Structures are given as structure tokens and as C-alpha cells.
Amino acid sequence: MNSMTITEKILAAHAGKESVSPGENLWVDVDYLMTHDVFGPDVVRIFQAEFGQDAKIWNKKRFALIPDHYIFTKDILANKNIEFLNDFAAKNELPYYYQPFTDRYSGVCHSTLAQEGFDVPGGLLIGTDSHTCTSGAFGMFSTGVGTTDGAFVLGTGKIWLNVPESIKVVFEGEMPKYLSAKDLILHLIGDIGVNGASYKAIEFTGGAIENMNMEGRMTLCNMVIEAGAKNGIIAADKVALDYIGDRAKGPIKIVNSDTGAKYCLVKRYNVQNIEPTVARPHSPDNKATARSEANTKIDRAYIGSCTGGSIADFTAAAEIVFGKKVAVDTFIVPATEKVNKQIKQVTFKEKTLYDIFVEAGCQIGLPSCAACLGGPEDTFARAKDGQIVISTTNRNFPGRMGSPKSFVYLASPFTTMASALTGKITDPRDL
Amino acid sequence: MSGQRCWIFGDNIDTDQIMPSQYLVLPMDEMLKHTLETQSESFAKQMEAGDFIVGGENFGCGSSREQAPLALKKLGVRAIIAKSFARIFFRNAINIGLLLIEIPSVEEFSEGDLLEVNVKEGLLKDATTSKNYNFFPPTGLVKDIFESGGLIQYLDNKK
């Protein structure tokens, strides 16, 4: 049998094959399917049109329906989407529908998948959202698709996939203070470009990864799509298993790449040589160091999303802002209800993160995707014409956070909060 | 001269440009009016069914929204020609039966050139400049899905 990467092994196992090679098209069995409120209704409509109004879902226990995008809005059409999903979930008695405005509601789908145990080592997860690659942090294959694919999986439990070539990215060394996973991934994307990994898998490894928490690993895997990759993946280890605990929704299988596995590219970095990094408007690969942008004034700061709204991200931000006042409008958006509870429990210097943020003058929103992708006009923290925003989100295309005439800099929670304190882009080491 | 006009766009045209997020909740016929509006004020108003889109590198990057290729298909775009396509956009286009053509020398096309395509022969003709371009038509499973008219139709044919 030929040597394989983690990605190749998982795809082979789900195609019922001994081994696979890059370039092969496969039909694979899907373990978990995820969709949300913006694309879910179309998934359901295509599903019902093709498989019938009363068609059975292939496996209800493997289907996570997680509304998170347009929740806290008066927008009539957005609300109709939620009502549509409420009806579908009730009719089908879906066990994993995280219904808005009930105690089942969770928040951002990728964070919810991890919290609820859908991210399972060795598994295969498909989602109708480009950042579905986040789940690869748990040593599983996960990728984003469109609504037709989503409907097809809902009906059949299968999907066609092309086996990707793999890129190996090694992050060695001990993480310096005030450097985070966001800096590493912005550095990598800036290095290889927004299509530097198109159609490929990115496998992260090295000492800095081994010492990184799951939230950081999820940020890395989440943003491989910003380099065009199909999936990001990190072999599951004790850190992953400890996070999962007893919440796994299915069997766990630890998969590692073979020693002789083939990579089309290997990139090595010592994290000691990486500085706090930003992506300038309007592309995630428009890399600069925070220091080189130190004269750039900002109008607002935003800390939230599936790559910046975890308890680890808020702990980092609280450490920076503790006992100080922000100089610009600063928005805090916990990714999920769980994180929303945690910020009221977790303390830094005997103060809860919530109290630290409120006393610093930050505005705290409700858990959802909020302004990460703009959304309806009344969305919390939506960017307005001419505004310059520094944000822990994952994408800064024109108009991504609201107005097409706004400018978004992507940065870590350390750098974003440091900038909020001074009103201009600030390297957290220079405070 | 035969053929239909092409509309030129740049590199990294992401799906937020093709269909901005605030319009995703609109009914399709309303959504169509906003197609590519951040990149061209005239495209959605003036394009005609059968027209071509020419992009650069990484066309369709970003969000997985199928509304992006679907809007272009519903408007009647004959094919999108680009140096390269982003992965999710590529598979969404195949799954809904929208033709994508990869050609390295897209700079040779000018706004409004009249183009003709023969998918079976993998031949694209610029009638304005009288130049011909070869491309690799879909093969294998991708060809089967595309020729069925999309993934759902492919499934129907298998039944």
C-alpha cells in the first residue's frame, strides 16, 4: 500500500478503498452535514424538489442545522428563513436544530460544531459554508460546498470529491508573547497568496501546533479557504481528545500521515520570526506587520466570529484592555451562547472578562455571525461608508463587513484590542 | 460577425462581489438585478442571455454561496472564462450545469469582443480578433454531471 497523508487516508476510508491518490474522483460517505439559516432554506427546497416534499433525511442524527448568520434583525426576509427552518425542523423532528430564540440556540456554526461534538477525529464533515474547513482542527476531513451538494448529501449521505494534493506547513518554535494563531495564518496566506493552495489540502504540524489550544487550531484551519484550499487538517492528539471529552457524536479514529506521504509543497516557519500581522484592505493576502501600519487611524474595532470570538480570543483581548478605556467604538461578539456565559465567569486579575470589557467602554453584542459578513442593514456593528475597521474576522473583501466603501484590516485579538486603545493600528508589544 | 459579447472582470472576483451578502435573502428575480454590481454598474442591466464573462485568477473565491454561479446561470451567461477558478465556485458551477473555461491568456480578450464556444471540441473563438483558443472540456465524472445538466439531473438519470 502506498504512503498516504491524513487527508488521503480519511477519504480512502470513506470511499471504501485501500488507498487513493491526488486527482482521483471519489464518491464518499458523509458522516456529518451542517447548514445554516442563509443557505439552509435552499438546501431544503432543492432536497424537497428532488427527493419529494415528505422525503426522509438520510440520517437525522448526523445533520446539524445551526442558524447563526442573520438572527438579531428585523429584516422580514431573513426572519422568514428562520421560520422556514423552524417548520422543517419541527416536521422532521430534527434532534440537532439549534433554534433561535429558544434555549437550544447556540450561535456561530463552526464554533457550535466543535462545542457540540460534531468535530470528530477521522470523520468526514460537509457544510454549506466556505469556512467548514474549521473542523479539520480535530483531525477530520471537512470542507465547504454549495446548496445543491448540501441537498444531495441530505438525501443520500454521499458526495463526490476530488482527492486533493497536500501542502505541509510546519510551525516550529515557542510562541512569543502577544502572537496568536491569527498572526500565523495571515502570515502564511500573505506568503502563498489567496490562490496559493487552490484545490489543495493544508496539513499543519510542528512544535507550535502541538502547544496550541483547539481555538487556535480552529482559526488556522478556518482560514485555509482564504488561500483557496479545500481543507485544513491537524492530526488529533491529547489536546484534541481532551477538548472533545465525552461529547463526540460518533466514533473517533486517530489518523496520522505516513512518513513517506507525498506533499506538493512544504513550508517551514519558526514562529519566533513571525510578528503581529495584519491583512490590509481588501484581501486576506495583503500582508503587513502591525508595526509597519502603525500610522493607520481606525474608526472601530471588532472582536468576534469563528476566528476571533472564542473564550481564548476574549481572554487575550481582556489582558490588553484591562483597566484601560478604548479610544474608538469597540464591538465584542461572542461566537456562541456558551462563550457568552464564559465571559461572565472567566476572570483576569479577579475581574470577569465581561466587566473588563464593559468598564473599558466596549459594546457587547449577542452571539451570531453579526457584522463579520455585513448582513442586513440593522446588523450589530455593520460597517458604514468610509469607516476603517480592524477586525478579528477572516475575510476583508470590499463590502464584506457592510458598506462597500468601508476598509477592513484583519488582525489577532491582541492587535485588534491594542489598536482599539490607541485609535490607530498598534502592535500589542508597543503599548 | 457571429458570437456574443464578453464582459471583462479582474483577478480574485469573490462571491461577495458577484452577489453581496445583504441580497442573499431576496427572491431570485430581485437578486439578479444586483449581480456583480460592485464591479460593474451596467452588467446586470445590459447583459443578454448568451453573453460571456471573462475573469482573471481565482474567479469565485470566498463564500460558498451557490447564489453566485446560480445568478450568472439564471441571467443566461453562456460560460465564464478565467485563468483559474476557486474550488467551491468550480464545483457549484458543475453541479448546476454552468460552463467554466480555463484559459491562460485571458488578457487577449477586450471588453465587448464577440465569442463563440464549441464545448465538445474544446474550442473558443474570438470572432472580433479572429483568434482561436483551445481548452480542456470536462472529463470523467465532472463531464457526466455537467452533461446531465447538473448534479440533481445526474442523479435522476441514474435512477
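Biologist: Which handedness does the β-α-β unit of β3(B), helix α5 and β4(B) have?
Modeller: The unit made by β3(B), helix α5 (residues 87-96) of chain B and β4(B) is right-handed. Right-handed here means that, with the strands pointing away from the viewer, the path from the first strand over the helix to the second runs clockwise. Helices (H or I, at least four residues) and strands (E, at least two) are DSSP runs, numbered from the N terminus.

Biologist: Ground rules before we go on?
Modeller: This is a predicted model, where local features need pLDDT of at least 70, side-chain atom pairs count only at pLDDT 80 or more, and totals for chains, interfaces and linings use all residues. Residues are numbered from 1 along each chain as its sequence is written, chains are lettered from A and ligands numbered from 1 in the order in which they are written, and side-chain values use heavy atoms, with hydrogens and water left out.

Biologist: Back to chain B. How many bridges join β3 to β4(B)?
Modeller: There are 4 bridges between strand β3 (residues 79-82) of chain B and β4(B), and the two run parallel. A82(B) has E102(B) in β4(B) as its bridge partner. Two strands count as paired if DSSP finds at least two bridges between them.

Biologist: What is the strand order of the open sheet in chain B?
Modeller: The order is β4-β3-β2-β1-β5-β6-β7 (chain B), 7 strands with mixed pairing. At the edges stand β4 (99-102) and β7 (131-134) of chain B; each has a single partner strand, so one side of each is left without a neighbour in the sheet. On average, neighbouring strands of this sheet are turned by 30° against each other, direction ignored. Axes are lines fitted to C-alpha atoms, for helices over the stretch in contact, and angles run from 0 to 180 degrees between N-to-C directions.

Biologist: And in which sense do β1 and β2 of chain B pair?
Modeller: Parallel, over 3 bridges, between β1 (residues 4-8) and β2 (residues 52-54) of chain B. I8(B) is partnered with V54(B) in β2(B).

Biologist: Switch to chain A. What is the strand order of its parallel open sheet?
Modeller: It is β9-β8-β7-β10 (chain A), 4 strands in parallel pairing. The edge strands are β9 (231-233) and β10 (265-270) of chain A, each with a single partner strand, so one side of each lacks a neighbour in the sheet. Neighbouring strands are turned by 20° against each other on average, direction ignored. Strand β8 (residues 201-205) of chain A pairs with β9(A) over 3 bridges. There, I202(A) stands opposite G232(A).

Biologist: Which strands does α6(A) touch on that sheet?
Modeller: α6(A) packs on β7 (166-172), β8 and β10 of chain A, and its direction makes about 135° with that of β10(A). Contact means heavy atoms within 4.5 Å.

Biologist: How do the axes of α6 and α8 of chain A cross?
Modeller: The axes of α6 (residues 181-192) and α8 (residues 214-222) of chain A cross at roughly 20° and come within 8 Å. These helices are therefore roughly parallel. Angles under 35 degrees count as roughly parallel, over 145 as roughly antiparallel, 65 to 115 as roughly perpendicular and the rest as oblique. α6(A) passes α8(A) in a right-handed crossing. A crossing is left-handed if the near helix is turned anticlockwise from the far one by less than a right angle, and right-handed if clockwise.

Biologist: What about α2 and α5 of chain A?
Modeller: α2 (residues 40-51) and α5 (residues 147-156) of chain A pack at about 55°, axes 8 Å apart. That pair is therefore oblique, and the crossing of α2(A) and α5(A) is right-handed.

Biologist: Which handedness for α10 and α12 of chain A?
Modeller: The crossing of α10(A) and α12(A) is left-handed. α10 (residues 311-321) and α12 (residues 353-360) of chain A pack at about 50°, with axes 10 Å apart.
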